[in-house]
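Please read them with the coordinates open.

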Amino acid sequence: MTTSCRATTKGRGILQQLRRLALPGLFLFVGGAFGNPAVAAPYTPETDDQVLQRLPTPSILDGADALQEKLADDPRDRDSAEQLARLYIQAARREGDPRYLGYASATLSPWLQASDAPPSVLVLAATIAQGEHRFTQARHQLREALAQNPRLGQGWLTLAVITQVQGQYEESLQACRRAATLVPTAAALTCQASVLALNGGLEPAYARLSRYADGAGDVADNVAVWMQTRLAEMAWQKGDLDAARAHIQRGRALDPEDRYLRHLYADFLLAESRPDAAIDVLEDYVDQDGALLRLAIAGIDAGDRRADRWAQQFRDRMAAAQRSAEYAHLRELARFTLVVEDDPAEALALARANWRTQKEPADMHIYLAAARAAGEPGAADEVRTFIAEHGVQDSRLAPFLNNGTEAGS
């Protein structure tokens, strides 16, 4: 594999289609995705205590030291352990660093090893498993927790998110409804609208949630950001780019450091053929894999001389993840393989594997795009069947559902 970005005419055409869909998300690593990328030889420290790198501590972990001290004094302090685990989970989401999920899991391990793990611990463990895309385990833990305590609103919300990602919309909607009396109204409405928007009810779901958002009073910032993010995605599904842009701007005004929304914004800028603006949004976040992926794509499109470097950094990250058995995201790998590496056959294989566990619009899009680019549009017929069965509405998928239109033409 060379270190240069190989965007051929076909690759650039597919890139035009991929600009029309946002692909934020965590990474799920699968070995062998890139063969044997060219990476530098590993460095071996001279002593076991040699410091290789000092990593900045996210501000969200400001209270972690005090909680660690409390746990050191009393290892049975479950309340402190749960608080610390929540901080680590939040840091993982904000920084895109899966190591924090490992820290959270280690923090909870004394209770998880017991045969009667408390429901609140199980919900946190399921959230960790969700972040690592171990969905089957996450659902098992959530069902066990909710059977013991059905009044755990966060448990129902997490179950709703997982089942929605997997395309199990009826179960997801039921989980949203079970959460409705246990969580703030804004969270409950966002949960339900998110599911309905993917299951034949895009227009009414968007209208209802948009009306609520316009008139909502005191909504916690994290819930408000989630609400504006989902509204932006729904507006983009509808093809209303002005509304999508407005929702993105509202969300970023609330939290400019939200990683998911930052990636969504970068993808939106790519869709508007503004790769230089996307680079401006992402270039300070090269330590995050999702940002590197989008920088490589934006760099190709903008003719930026840094595109090769960003692409190689992404390859190196994936090679390092393969060595350490960390998780990456198949959908992101498929996107990189198709757009940057211009390898439709491999991208199709990755997209097909990803479809087994994830069925969001972005997963539909990369599967359809890779199949078309590989000259095998019928290879993604299961996606078309799913779209028809569930009434999925998304203007960005239309070019791949019209057999008479060549993607990128």
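The numbered points below go from overall make-up to individual residues.

1. **Basis.** This is a predicted model, in which local features need pLDDT of at least 70, side-chain atom pairs count only at pLDDT 80 or more, and totals for chains, interfaces and linings use all residues. Residues are numbered from 1 along each chain as its sequence is written, and side-chain values use heavy atoms, with hydrogens and water left out.

2. **Overall make-up.** The protein chain has 21 helices and zero strands. Both are DSSP runs, numbered from the N terminus: helices are H or I with at least four residues, strands are E with at least two. Of the chain's 409 residues, 54% count as buried. Buried means under 20% relative accessible area, exposed means over 50%, and partly exposed lies in between (1.4 Å probe, protein chains only). Take the contacts between residues at least 6 apart in sequence: 65% of them join residues at least 24 apart. A contact means heavy atoms within 4.5 Å.

3. **Nonpolar cores.** The largest nonpolar core holds 103 residues. Such a core is a set of buried Ala, Val, Leu, Ile, Met, Phe, Trp, Tyr and Cys residues joined through side-chain atoms within 4.5 Å. Leu338, Met364 and Val383 have the most contacts inside the largest core. H11 gives the most to this core, with nine residues. Another core, of 20 residues, lies apart from it; Tyr88, Ala91, Ala92 and Tyr100 are among its members.

4. **Val383.** Which residues does Val383 touch, not counting those up to four places away in sequence? They are Trp355, Met364, Tyr367 and Leu368.

5. **Ala334.** This residue is in helix H17 (residues 330-340). Ala334 has 0% relative accessibility, so it counts as buried. Leaving out residues up to four places away in sequence, Ala334 touches Ala347, Leu350, Ala351 and Ile366. Ala334 and Tyr367 are 33 residues apart in sequence, with 8.5 Å between their C-alpha atoms.

6. **H13 against H15.** The axes of helix H13 (residues 259-271) and helix H15 (residues 289-302) come within 11 Å and cross at roughly 10 degrees. Axes are lines fitted to C-alpha atoms, for helices over the stretch in contact, and angles run from 0 to 180 degrees between N-to-C directions. H13 and H15 are therefore roughly parallel to each other.

7. His263, Ala266, Asp267 and Leu270 in H13 meet Gly290, Ala291, Arg294, Ile297 and Ala298 in H15. The residues of this contact divide into five nonpolar, two polar and two charged. Here Ala, Val, Leu, Ile, Met, Phe, Trp, Tyr, Cys and Pro count as nonpolar, Asp, Glu, Lys and Arg as charged, and the others, Gly among them, as polar.

8. **Salt bridges.** How many salt bridges does the structure hold? There are 25. The criterion is a side-chain nitrogen of Lys or Arg within 4 Å of a carboxyl oxygen of Asp or Glu. Asp242, Arg245, Glu272 and Arg274 are linked in a network of salt bridges.

9. **Glu203 and Lys238.** Their side chains meet in a salt bridge (3.3 Å, N to O). The pair links distant parts of the chain, 35 residues apart: Glu203 is in helix H10 (residues 202-215), Lys238 in helix H11 (residues 221-238). Glu203 is partly exposed at 43% relative accessibility. Lys238 is also partly exposed, at 27%.

10. **Two further pairs.** Asp304 forms a salt bridge with Arg306, with the closest N and O atoms 2.9 Å apart. Asp304 is buried at 17% relative accessible area, while Arg306 is partly exposed at 26%. Asp381 pairs with Arg384 in a salt bridge, with the closest N and O atoms 3.0 Å apart. Asp381 and Arg384 are three residues apart in helix H20 (residues 381-390), so about one helical turn separates them. Asp381 is partly exposed at 40%, and Arg384 is buried at 17%.

11. **Positive phi.** Ser273 is not a glycine, yet has a positive phi of about 60 degrees. Ser273 sits in the loop between H13 and helix H14 (275-282) and is partly exposed at 48% relative accessibility. Asp342, also not a glycine, has a positive phi of about 55 degrees. Its place is the loop between H17 and helix H18 (344-355). Is Asp342 buried or exposed? Asp342 is buried, at 16% relative accessible area.

Notes. Angles under 35 degrees count as roughly parallel, over 145 as roughly antiparallel, 65 to 115 as roughly perpendicular and the rest as oblique.
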